[in-house]
Amino acid sequence: MKRLIQTLTETFSPSGYEGAIRDVIRKEVKPLAAELRVDALGNLIARKGTKGGKRIMIAGHMDEIGLIVNHVDENGFLRFTTIGGIRPHTLTGGRVRFMDGTPGVIGTDFSKDAGRLPAVDQCFIDIGATSAGDCPIKVGDVCAFERPFLDLGKRLVAKSMDDRIGCAVMIETMRALKSSPHEVYFVFSTQEEVGLRGAQTATFGLDPEIGISIDVTLTGDTPKARQMAVSLGRGPAIKIRDGGMLADPRVVDWMIRSAEKARLPYQREVLEGGTTDAKAMQVSRAGVPAGCISIPSRYVHSPSEMVDHDDVQNAVKLLTTMLSKPVEL
Amino acid sequence: MPELLPFLKDLLSLPGLSSYEEPVAKAIRTHWAPLVDEVGLSRLGSLHGLRKGTAKSPRPALMICTHMDAIGLMVTGITSGGFLHITQVGGVDPRVLPGQLVEVHASGEGGTKILPGVVAQPPGRLLPPELDDGPVPLEHLLVDTGLPERQVKAVVRVGDLVSFASRPVELAGETIAGHTLDNRASVAALTVCLEELQGRSHAWDLWAVASVQEEVGLIGAQTSAYALQPSLALVVDVTFAKGPGANDWETFPLGKGPTLVMGPNIHPAAHKALKDLADRLEIPYAIEYAPRHTGTDAHATQVAADGIPTALLCIPLRYMHTPVEVVALKDIQRVGRLMAEFTAGLAPDFMDTITWDN
């Protein structure tokens, strides 16, 4: 599974530009799906299970946070704005890669106070151009963090673990799921980082009876962290609340029942900030009971997001066991 | 209003935090069942009661939407001393929390049980110096159940709900104080409306809705409006009443009738119909202007499906989002009567008379 995670996280696809990652995932799931299609917003939708069964939608977003160029100066330096929640402290000294493969480094305007954090508009990308004329990157071109996958044994680090790790869990679940009484739709969604937009329309289109997102959550297990009762390595987190939604209590119960029956470790997640595709699913049409299985992750929205390999594998087991058996909420 | 008071007090004594509305939904359902032709739950747990109209099918339908969920707290962790870290469900004002009596809905060992607790504020010398003498943020407040650490960790789990324990109190001047008058005062008003309609007929179908999860994003109203797709939506919520330190231009007198809200969130013809009716019935009201998001279910119903003309009535309330919200009973009664008369007076072709020119 580590190789899959490496492939997924080393692909560059910020929100709205998911073509590259969609191709990678499509290749992985093609042999596993009964039906595969791409909808109008670019969501990759793979069906598995029993047609006519309960329609269950699993959503993991394949887009990642990134940058978009909004100005090229005469010397070929690129000013930019953000796609999704990128904060300046993750930028300085970092590297990026554009969709055409062009690499670049991030510099900042001079400040007398070297300890002060620059604002995003005080940062620029240097791709090594000497003038606007020889700069192949134009206004509107997008890039993402450049940072190779790092295997620390039990712990794995990469850019875009949010939410390629969710995509990996879904792909492995499709592989592990021998049969399901449900009509399961695995949706590799677009534009989550800019407002859950792919999941919103995919849910409307599929009209599921239950919705589950697979995404990362934060932890409270690092030095002087904000208080949060989730740690790396103690199992996938079952979301009860996050910054955007209260998970449907019936879905929470289903997840907990399944984890306990299969003797899988799990954690109860109450997250202060952030939300997932489950929020968009919950309010679709006449409402969808929705919840989320979270992969605990440190340093979310930085170029080095860390997850625990056991948590990832246990998330696959949890989702597989849930989808293998009938359910009445 | 002797017959309504016990029901209102019941409503104000029940938990039913956002997304966990079942206890209050059950109580409302029991009360509504004899007053409506059908009653059921939406996919997300909103209560839908239908009173059938007399016009020939397909009939227009009016949805009256009042949210039943309550704000409250949720356990986020347990300290090494056995105290509970908490966060909010909906918008809770942390300034009023220290010293509150609460109920912890413990779901751990031994099954679900209610533990009484108190919200404790650590002394200033134990807080970060930058907090100084100001109000203490929620992340530093704790709930003390009195149990030692080992026992707390066995019976209380992260994600357990914490609700206000205070019971409603009748204050002088026919007012009532309690938690969750936002918006169960409006649920009570809708109940008055259903009672007033007993033995009367109306041309339109009436969907009485007690919606879920308003306090966390208008979720019940959005989904119920889509499910029912009424011709017209009437939302009832609370607004800021005049109170200590309140200014003149954003608050409304307590006990002098509801506000009829106007603004881009509201269909002007529906607003005018309510206003004309209130004038005719000599029900006092104030006009409230909401230039943007009304902060109510009306914001969601208006844009549900292919758009639903929406009107909004608000009951003035003091001390919003605290455990001692205050409402005048008379205002509840007035809103109930206004809604009943509005429902009964809707002509089958009322929607044809709604144009953007009046």
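How many residue pairs are in polar contact between chain A and chain B? The count is seven, with both residues at pLDDT 80 or more; a polar contact is a pair of N or O atoms within 3.5 Å, one able to donate a hydrogen and the other to accept it, and residues adjacent in sequence count only if both atoms are side-chain atoms.

This is a predicted model, in which local features need pLDDT of at least 70, side-chain atom pairs count only at pLDDT 80 or more, and totals for chains, interfaces and linings use all residues. Residues are numbered from 1 along each chain as written, chains are lettered from A in the order written, and side-chain values use heavy atoms without hydrogens and water.

**View 1. The buried side of helix α1 in chain A.** Helix α1 (residues 2-9; a DSSP run of H or I, at least four residues) buries A:L4, A:I5, A:L8 and A:T9, buried being under 20% relative accessible area with a 1.4 Å probe, protein chains only. They sit on the same side of α1(A) because they cover an arc of only 120° around the axis, taken from the directions from the helix axis to the C-beta atoms. Their packing partners in chain A are α2, β11, α3 and α7.

**View 2. Where chain A meets chain B.** Here 24 residues of chain A contact 25 of chain B (heavy atoms within 4.5 Å). About 2200 Å² is buried between them, summed over both chains. In chain A, A:L246, A:R268 and A:A286 lose the most area to chain B.

**View 3. A salt bridge between A:R268 and B:D160.** Their closest N and O atoms are 3.6 Å apart; the rule asks for a side-chain nitrogen of Lys or Arg within 4 Å of a carboxyl oxygen of Asp or Glu.

Note on methods: Buried means under 20% relative accessible area, exposed over 50%, partly exposed in between (1.4 Å probe, protein chains only). Helices (H or I, at least four residues) and strands (E, at least two) are DSSP runs, numbered from the N terminus. Buried area is the accessible area (1.4 Å probe) that two parts lose on being put together, summed over both.
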